[in-house]
Amino acid sequence: MPKEGLRYAAKVDLTKDAGKEPFLHNRWHPDIPFCGTIKNNETVKIECVDWTGGQIGNNDSADDVRDVDLTRVHYLTGPFEIETAEPGDVLVVDIQDVQPLQDSPWGFTGVFAKENGGGFLDEIYPKPAKAIWDFEGINCSSRHIPGVRFAGLIHPGILGCAPSPEVLKTWNDREGQLIKECSHMGRDVALPPNPQSVHVGSGGDDIKEKVGKEGARTIPGRPEHGGNCDIKNLSRGSKVYLPVHVKGAKFSVGDLHFSQGDGEISFCGAIEMAGCITIKFSVMKDGMKHLAMKSPIYIPGPVEPQFGPGRYIYFEGFSVDEHGKQHYLDTTVAYRQTSLRVIEYLRRYGYDDYQIYLLLSCAPVQGHVAGIVDIPNSCTTMGLPIDIFDFDIRPEAPTGKRDLGSCAFASS
């Protein structure tokens with residue numbers, strides 16, 4: 001047995017401004033200084049703020065979601081120096097535990113306004129909305145979406161190592177080209193470097209200025225390092241294999257989720273929380289060559305909510321949009337249609353569409369690609385667990401409108 005408790009590599013104070021904490025940052029850049037050192041094969045605890053840095057409150061208004069400053073997110077804890085890690089190695093991240101902070105037993109799910117972040121269905125649901133979730137041991141429930149209760153599959157939305165200068169240039173060039181090519185679309189397709197609200201931990205003004213000009217935004221995941229992949233199965237017992245591009249790895253983690261559905265469709269769609277993650281770090285020397293690695297890989301842990309194969313209702317969607325237009329093997333269109341089929345189904349019980357949108361973003365729904373070869377249609381499915389509801393939603397069961405309250409909306 002261990003002779004003493006695990007070391008905290010970083011602890012957060014939720015009463016302080018996340019944008020001033022020396023062990024947090026909100027851009028990817030190789031020059032952001034280390035906030036601490038972790039030994040090879042050491043297990044540590046790392047505390048994280050919620051991804052907005054405390055901008056969202058436990059209340060019954062979505063004004064905070066409407067007004068969220070997206071230049072301030074994500075606040076990540078790190079970067080940590082992992083001893084012996086060198087470019088070309090692989091950092092093995094063994095996730096041993098993830099828990100909410102003891103003095104913050106709640107989380108939130110949001111729908112961003114279309115003009116400020118948006119989401120997967122923002123053409124149909126453009127208004128900001130919010131649900132607050134209370135944690136009850138392994139389970140959660142919400143006053144804003146009555147009639148559901150489920151166990152959380154708690155996981156980090158973001159983990160990754162810093163890019164090298166060469167990798168960072170690749171990101172900025174690649175995403176900058178996309179922005180130019182899609183300027184006619186009238187919406188953000190990628191976010192370029194932005195000096196507004198940039199935070200570089202303990203870095204000085206010179207580093208802050210440089211990162212403001214060059215630093216990659218944390219919103220997307222990227223093939224060279226992972227980052228914001230929002231994979232719900234990276235829970236306790238999982239192992240993640242991350243490419244290392246700089247000496248010491250410069251590992252960071254954040255955006256902890258109590259639960260999430262596949263796709264996290266409302267964008268702020270998991271149950272976002274402040275929490276603590278326990279990780280064992282080990283370095284696989286020359287691992288990128290050994291694994292022929294171009295992107296991270298992971299092995300999921302044994303922990304998952306137990307819904308039997310007969311306890312889901314699956315809904316299908318195809319590459320024909322809500323206007324009847326045919327698309328060619330467009331899996332995004334198909335999954336959007338899959339989501340709408342579930343909303344239409346659950347609407348019959350008395351839920352508002354925004355309540356369902358929020359629920360499908362954060363409940364443990366199973367999203368799958370069923371077919372991508374049968375031209376012209378891709379087919380996707382979403383499995384809705386029957387047992388998260390306290391009433392019978394099977395197709396054979398009688399329906400009827402219930403009083404199921406309302407999620408939080410913004411003031412007019």
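Predicted model: local features only at pLDDT ≥ 70, side-chain atom pairs only at ≥ 80, totals over all residues.

Biologist: Which residues does the cis peptide bond with omega of about -5° join?

Modeller: That bond joins Gly78 and Pro79. Pro79 belongs to strand S5 (residues 76–82); helices (H or I, at least four residues) and strands (E, at least two) are DSSP runs, numbered from the N terminus. A cis bond also leads from Ile375 to Pro376, with omega near 5°, and Pro376 sits in the loop between strand S20 (366–371) and strand S21 (379–385).

Biologist: What is the phi of Asp255, and is the residue buried or exposed?

Modeller: Phi of Asp255 is near 55°, a positive value in a residue other than glycine. Asp255 is in strand S15 (residues 249–257) and is buried, at a relative accessible area of 2%. Buried means under 20% relative accessible area, exposed over 50%, and partly exposed in between (1.4 Å probe, protein chains only). Glu264, also not a glycine, has a positive phi of about 45°; it lies in the loop between S15 and strand S16 (267–272).

Biologist: Turning to pockets, what is the volume of the largest pocket?

Modeller: Its volume is about 1500 Å³. Of its 40 lining residues, the closest to the centre are Gly117, Gly119, Phe120, Arg187 and Asp188. On a 1 Å grid over the protein atoms alone, a pocket is an open set of points where a 1.4 Å probe fits, with protein on both sides within 12 Å along at least five of seven lines; lining residues have an atom within 4 Å of a point. Grid points are joined across faces, edges and corners, and a volume is the space filled by probe spheres set on the points.

Biologist: Which element gives the largest share of that lining?

Modeller: Helix H5 (331–347) does, with five residues.

Biologist: And how much space lies in the second largest pocket?

Modeller: About 210 Å³. It is lined by 16 residues, with Leu14, Asp50, Gly53, Gly54 and Ala274 nearest its centre. Strand S7 (residues 106–111) gives the most to this lining, three residues.

Biologist: Where is Ser238 found, and what does its side chain meet?

Modeller: Ser238 is in the loop between strand S13 (226–228) and strand S14 (239–243), and is buried, with a relative accessible area of 0%. A polar atom of its side chain lies 3.0 Å from the backbone oxygen of Asn233.

Biologist: Last topic: how many aromatic pairs does the structure hold?

Modeller: There are 19 aromatic pairs. Rings of Phe, Tyr and Trp (its six-membered ring) pair if their centres lie within 6.5 Å; planes under 30 degrees apart count as stacked, over 60 as edge-to-face and the rest as tilted. Phe135 and Phe258 are stacked, because their ring centres are 4.1 Å apart and their planes are at 10°. This pair links distant parts of the chain, 123 residues apart: Phe135 is in strand S8 (residues 129–136) and Phe258 in the loop between S15 and S16.

Conventions: Residues numbered from 1 in each chain as written. Heavy atoms only, no water. Polar contact = N/O pair within 3.5 Å; in protein donor to acceptor, adjacent residues only side chain to side chain.
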